[in-house]
Amino acid sequence: MKLETIAIHSGNQVDAATRAVIQPITLSTTFERGEDGSYPGGHVYTRASNPNRASLERVLTQLEGGDDALAFSSGNAAGGAVFQSLGSGAHVIAPDDMYHGLKKLLLEVYRGILAVDFLDLSDPANVRKAIRPETKLIWIETPSNPLLKITDIRAIADIAREHSCLVGVDNTFATPVFQRPLALGADLVMHSGTKYLGGHSDVLGGILVTKEKNDQWAKIRTVQELSGAVPSPFDCYMTVRGIKTLPYRMRGHYENASKLAAYLLRHPKVEQVYYPGLAGHALHEVAASQMCGFGGMLSFLVKGDAEAAHKVANSVKVFLQATSLGGVESLIEHRFSVEGPATKTPHNLLRVSVGLENIEDLIADLAQALDA
């Protein structure tokens, strides 16, 4: 099946009892055993599995072209399960502009347990130099958050294979609509389901998809089952519902972001635009080689200091000044004030999640905000 058909049908199961076209929400925490002590319905206890979670995991497995998937209560819980499965003393290579929530998880929760090097992964040579005998994982985020850096997934995967390392890719910005890391050599894919998968800023979740069900995947599954950081049946239902329109929403986000990036590139009060779809992006050709669309996220530098950037964010009328991304509504945020002084994010950077409003309204709103 093609992407659009998978998105609509693979996460849905017609109810056997009522023949309801849309799969109902199964709230039960426990499931009846058969007379022989087996579990004929395939489920034991909802921390281990649930019909709605199984549907969500099934559709993501097929969208990413993987062998299996695991759903979690958040993107951080999904990433954390991977980190926890590595074991004490493992070395991790991660992006220097990694999503700050996952970066803080590594620095604070796994301090003294994992060794981590944060590198500029846009240059594969940096990875090759940093590999150690105890390196277990190379974590990629491409496009990155919020600098929209691009990492060559194929090149990193080749290096990882030479050293028997896992490659995990945070595919939240691209989604499987525009990028399929497993086909490019990655071992694992992570999504914050809160973002584009749910797509409406009303559900929290995370997803991991694996290329193959191996020993490492079994360890991650054990972390999921025993730690219990799993989404509720309702959260799974809502995410599956959002995924049904994912391919079409992403095309709208991409179209609007491309036009907005082109507009900002010409604006006299904009110092720089970060968007991999622009020909002037440092790794535009690499992005084009591994993506079939450049997504709905961009960042730009306002000419001036942090105060100038705040003024623009405070002057918008259609955009909402809020954190997160991937909803149908357009959001704008001053990221330095969120990430803190240790971040590499410039003081005058605004991150934009380009929504599905009319592009003329979005351009007009930023135009008046920049001229305010």
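Analyst: The account below begins with the annotated lysine and then turns to other local features.

The model is predicted, so local features need pLDDT of at least 70 and side-chain atom pairs count only at pLDDT 80 or more, while totals for chains, interfaces and linings use all residues. Residues are numbered from 1 along each chain as its sequence is written, and side-chain values use heavy atoms, with hydrogens and water left out.

The UniProt record, an unreviewed entry, places the feature "modified residue: N6-(pyridoxal phosphate)lysine" at Lys-195. UniProt positions are given in the numbering used here, feature names are shortened, and annotations may be inferred rather than shown by experiment. Lys-195 is found in the loop between strand E6 (188-192) and strand E7 (206-210); helices (H or I, at least four residues) and strands (E, at least two) are DSSP runs numbered from the N terminus. Lys-195 counts as buried because its relative accessibility is 15%, where buried means under 20% relative accessible area, exposed over 50%, and partly exposed in between (1.4 Å probe, protein chains only). Leaving aside residues up to four places away in sequence, Lys-195 touches Thr-172, Ser-324, Leu-325 and Gly-326, a contact being heavy atoms within 4.5 Å.

The loop between E6 and E7 also holds Ser-201. This residue, Ser-201, has a positive phi of about 55° although it is not a glycine. With 44% relative accessibility, Ser-201 counts as partly exposed.

Thr-175 likewise has a positive phi, about 65°, although it is not a glycine. Thr-175 lies in helix H7 (residues 175-178) and, at 1% relative accessibility, is buried.

Two cis peptide bonds may be described next. One joins Thr-142 and Pro-143, with omega about -5°, and Pro-143 is found in the loop between strand E4 (135-141) and helix H6 (153-162). Another joins Asn-145 and Pro-146, with omega about 15°; Pro-146 is placed in the loop between E4 and H6.

Cysteines complete the account. Cys-165 is buried, with a relative accessible area of 8%, and Cys-236 counts as buried at 0% relative accessibility. A disulfide is taken as a pair of cysteine sulfur atoms within 2.5 Å, and by this rule the count comes to zero disulfides.
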